[in-house]
Amino acid sequence: MRVDQLVCRSKFDQELERLRSQDATLKKWGVFIYADSFPVVDVVFVPRHTLNIHIPVIEQTPNPIHTPVDPKPAGLKILSSSVIVLSARAFGTRILLEDFDQLPPSVEFLDPWTWKPLKYDTDLFRAKHVDANGKVWEVLLPNHPIRKRPFLCMRGIREYHEHPQHSGDDWMLYRKHSGLFSTIQMIWKTCVKDAVPNLVFQPKGKIQVQWTPAGQS
Amino acid sequence: MPENKILIIFIVNGVDVPVEVNLNAPIKTGRNKALELSNNTGRPPEEWEIHNDAGQPLDPEAKAGELGLKERDRLFLNLKVGAGGA
């Protein structure tokens, strides 16, 4: 650590106290503090968006000229529905506040059952950020150039500010206004609220999983 | 409290900041007051977004009354986020 341990510990305790003061809101979001041991906080997120399924249906149009075995070709329609009993899986995050707030919080995505890393291709959702212009950005990226693991590429997260492509966006510009609660809120917004699961059945039998922001399924 | 005013709880980085808000005034006036009270004046108020607890962004120009806000409703203030995704 580069910051005096006592200072770091004091800031950690303050951030934790602020986080716990928002307990009612966190629970409403499906966010649960699993463990805290300086300088780490483990948090479990439980999504509650139901799974949307989209199935292509070929409509047969009856035609008196054609025989029943040779029906007139028809159009493709997509039937959509929500499966109430299914939703995205819960996930864990390990938030590291080592050297906070000289450095921003670091976020790692872990399996909440084993606390082992989640793999990008098979285990992780696709987190979305909708900017002020309505453009949708995919912000959970597969391989950080330094940490060599999936990472959330959002300002205020250590992995973002460490990334060579964001060297001009210094954490020190935002340090005073970000902390543990805002970090967790950001994770919730991008990885839960705006990561609605959709199962799309393609006409030729392929099944695709798509993640969309809230209200855009 | 006067009839046209309500108390809104703004949450700034996990800290509750109660602010009296005029129902006929844009909600940004409450935002600006909350930032001032919580000593978050290092960045322009326009860089702070307002969200309800469902995570929906609110138009800072909209009036508190138009938004249907009620006494002790909770609103969250966060810096507009830069994203480095794809």
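Reader: In which sense do strand β3 of chain A and β4(A) pair, and over how many bridges?

Author: As a general idea, the strands of a sheet pair through backbone hydrogen bonds, and the pairing is either parallel or antiparallel. In this predicted model, β3 (residues 50-58) of chain A and β4(A) run antiparallel and are joined by nine bridges. Within this pairing, Ile55(A) is found opposite Leu79(A) of β4(A).

Reader: What is the order of the strands in the open sheet of chain A?

Author: The sheet has four strands in the order β4-β3-β11-β12, and its pairing is mixed. The edges are taken by β4 (76-87) and β12 (207-212) of chain A; each has a single partner strand, so one side of each is left without a neighbour in the sheet. On average, neighbouring strands of this sheet are turned by 25 degrees against each other, direction ignored.

Reader: Which strands does β1 of chain B pair with?

Author: Strand β1 (residues 5-12) of chain B is joined to β2 (residues 15-22) of chain B by eight bridges in the antiparallel sense. One bridge partner pair there is Ile6(B) and Val21(B). The two strands make a hairpin with two residues between them, and Asn13(B) in the turn has a positive phi of about 50 degrees. With β5(B), in contrast, β1(B) pairs in the parallel sense, over four bridges. Here Ile9(B) has Arg74(B) as its bridge partner in β5(B).

Reader: How many residues of β1 in chain B are buried?

Author: Seven of the eight residues of β1(B) are buried, and the strand is thus described as mostly covered.

Reader: Why is the pair of Trp29(A) and Phe76(B) called tilted, and where do its two residues lie?

Author: The ring centres of Trp29(A) and Phe76(B) are 5.4 Å apart and the planes are at 45 degrees, so the pair counts as tilted. Trp29(A) belongs to helix α2 (residues 23-29) of chain A and Phe76(B) to strand β5 (residues 74-79) of chain B, so the pair joins two chains. Trp29(A) is buried at 4% relative accessibility, and Phe76(B) is buried at 0%.

Reader: Which residues form an aromatic cluster, and which charged side chains lie over a ring?

Author: One aromatic cluster consists of Phe45(A), Phe91(A), Phe109(A), Phe125(A) and Trp211(A). Arg126(A) lies over the face of Tyr120(A), 3.9 Å from the ring centre. Lys135(A) lies over the face of Trp137(A), at 4.0 Å from the ring centre.

Reader: How many disulfides does the structure hold?

Author: The structure holds zero disulfides over all chains. For Cys153(A), the nearest cysteine sulfur is that of Cys191(A), 12 Å away, whereas a disulfide requires the sulfur atoms to be within 2.5 Å. Cys153(A) is buried, with a relative accessible area of 1%; Cys8(A) is likewise buried, at 1% relative accessibility.

Reader: What confidence values accompany the model and chain B?

Author: Where pLDDT is low, the predicted coordinates should not be read in detail. Chain B has an average pLDDT of 92, and 93% of the residues score at least 70. The model has an ipTM of 0.90 and a pTM of 0.90.

Conventions
Residues are numbered from 1 along each chain as its sequence is written. Chains are lettered from A and ligands numbered from 1 in the order in which they are written. This is a predicted model: local features need pLDDT of at least 70, side-chain atom pairs count only at pLDDT 80 or more; totals for chains, interfaces and linings use all residues. Side-chain values use heavy atoms; hydrogens and water are left out. Buried means under 20% relative accessible area, exposed over 50%, partly exposed in between (1.4 Å probe, protein chains only). Two strands pair if DSSP finds at least two bridges between them. Axes are lines fitted to C-alpha atoms, for helices over the stretch in contact, and angles run from 0 to 180 degrees between N-to-C directions. Rings of Phe, Tyr and Trp (its six-membered ring) pair if their centres lie within 6.5 Å; planes under 30 degrees apart count as stacked, over 60 as edge-to-face and the rest as tilted. A charge sits over a ring if NZ of Lys or CZ of Arg is within 6 Å of the ring centre and within 35 degrees of the ring normal. pLDDT is the predictor's confidence in each residue, from 0 to 100.
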